[in-house]
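Try each task on your own, then follow the solution step by step.

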Amino acid sequence: MTPGAAALVLSGGPGYSDPWHPFERTSASLGALLDGAGHRVEVSTAVAARLADLTGVDLLVVNAPLPDDPLAAEELTAASEGLRAFLDRGGAVLAVHVGVTTLLGLPEWSSIVGARWVPEQSGHPPLGPTEVLRIDDPRTGPSGPFALVDERYSDLALGDDLDVVVEHEHDGRTHPLVWTRTVGAARIVADALGHGPESFDSAAHRDVVLRLAEWALTP
């Protein structure tokens, strides 16, 4: 991985919570993974405030749900403008699990990551031991199944320009789990895995995340 990048992990926490996801622990896992690769890591629960000013950030990691309470219009505008400036200068994005499908409820987020959660349509099999398939790709290594403990998001509304690198089978159909895309000069990685810290006990999952973060950080 490109050494010394500044990685900001936007984490669920006070003001950004839900009853299902241990954001503090998954953000700590992500931070430790990136720190171990030689990066400078900041973990912040001030999601809107940090989005408004991403000066000096190279890799934006999104691991946060919707805010507990509606944000003021000016906060949303500042966050949207900060995100747009970051993408325009070619910033790298890694969206993880619930972070793939929401970021402050910003309407542009689904078009950036290429996916949207659809109520009464999207879902996942129960959390637990499972197996997913890594597709052969020079960025992520050889193809093959790997095991982990996680959820497997299914039936998301997806864009038609996703470069899928990990997928799974559910209800007789194939569903993407990890993919990449580009938005202008910015490189985007969406990783729908990562429900809990146990997901990152999988060496294969850690390897995919680090390899794709390297791709996203490479101009």
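## Exercise 1: The pockets

In the lining of the largest pocket, 6 residues are nonpolar, 6 are polar and 2 are charged. Keep in mind as you work that this is a predicted model.

**Task.** Find which residues lie nearest the centre of the largest pocket, then find which lie closest to the centre of the second largest pocket.

**Solution.** 

Step 1. Start with the largest pocket, which holds about 380 Å³ of space. Its lining is made of 14 residues, and Asp18, Trp20, His21, Val98 and Tyr153 are the ones nearest the centre.

Step 2. Go on to the second largest pocket, with a space of about 200 Å³. Here 15 residues form the lining, and Gly90, Ala216, Leu217, Thr218 and Pro219 sit closest to the centre.

Step 3. Look at which elements take part. At least two lining residues of the second largest pocket come from strand 11, and at least two from helix 6. By class, this lining has 7 nonpolar, 5 polar and 3 charged residues.

## Exercise 2: Helix 3 and its two sides

**Task.** Work out why the buried residues of helix 3 can be said to line one face.

**Solution.** 

Step 1. Check the length of the helix. Helix 3 covers residues 73–88, and its 16 residues should span 22 Å at 1.5 Å a residue; the end C-alpha atoms are 22 Å apart, so the two values agree.

Step 2. List the buried residues: Ala79, Ser80, Gly82, Leu83, Phe86 and Leu87.

Step 3. Look down the axis. The buried residues of helix 3 fall within an arc of 165°, so they line one face of the helix. An α-helix has 3.6 residues a turn, so residues three or four places apart point the same way.

Step 4. Turn to the face that points away from the buried side. There you find the exposed residues Ala73, Glu74, Glu81 and Asp88.

Step 5. Ask what lies over the buried residues. The cover of helix 3 includes helix 2 (47–52), strand 3 (59–63), strand 4 (92–96), helix 5 and strand 11 (186–191).

## Exercise 3: Helix 6

**Task.** Compare the reach of helix 6 with the expected span, and say which of its residues are buried.

**Solution.** 

Step 1. Helix 6 runs over residues 203–217, a total of 15 residues. From first to last C-alpha it reaches 21 Å, close to the expected 21 Å.

Step 2. Its buried residues are Ala204, His205, Val208, Val209, Leu212, Ala213, Trp215, Ala216 and Leu217.

## Exercise 4: Buried residues in loops

**Task.** Are Thr102, Leu104 and Thr140 buried or exposed? Say what each one touches.

**Solution.** 

Step 1. Thr102 belongs to the loop between helix 4 (98–101) and helix 5 (109–113). Its relative accessible area is 10%, so it is buried, the cut-off being under 20%. Beyond its neighbours within four places in sequence, Thr102 contacts Val62, Ala64, Pro65, Leu66 and Trp109.

Step 2. Leu104 lies in the loop between helix 4 and helix 5. With a relative accessible area of 6%, Leu104 is buried. Residues up to four places away aside, it touches Tyr16, Val47, Ala48, Leu51, Leu66, Pro67, Leu71, Leu76 and Ala79. The C-alpha atoms of Leu104 and Ala64 are 8.6 Å apart, though 40 residues separate them along the chain.

Step 3. Thr140 is in the loop between strand 6 (128–134) and strand 7 (144–150), and it is buried at 0% relative accessible area. Its contacts beyond four places in sequence are Arg134, Ile135, Val165, Asp207, Val208, Arg211 and Leu212.

## Exercise 5: Positive phi

**Task.** What are the phi values of Glu120 and Asp171, and where do these residues lie?

**Solution.** 

Step 1. Recall the background: most residues other than glycine have a negative phi.

Step 2. Glu120 has a positive phi near 70°. It is in the loop between strand 5 (115–116) and strand 6, exposed at a relative accessible area of 85%.

Step 3. Asp171 has a positive phi of about 55°. Its loop joins strand 9 (163–170) and strand 10 (173–183), and Asp171 counts as exposed at 61% relative accessibility.

How values were computed:
Residues numbered from 1 in each chain as written. Predicted model: local features only at pLDDT ≥ 70, side-chain atom pairs only at ≥ 80, totals over all residues. Heavy atoms only, no water. Helix = DSSP H or I, 4+ residues; strand = E, 2+ residues; numbered from the N terminus. Buried < 20%, exposed > 50% of the residue type's maximum accessible area, 1.4 Å probe, protein only. Contact = heavy atoms within 4.5 Å. Expected span 1.5 Å × (residues − 1). Arc of directions from axis to C-beta. 1 Å grid on protein atoms, 1.4 Å probe; cavity = no way out; pocket = protein on both sides within 12 Å on 5 of 7 lines; lining within 4 Å. Points joined across faces, edges and corners; volume = space filled by probe spheres on them. Nonpolar A, V, L, I, M, F, W, Y, C, P; charged D, E, K, R; others polar.
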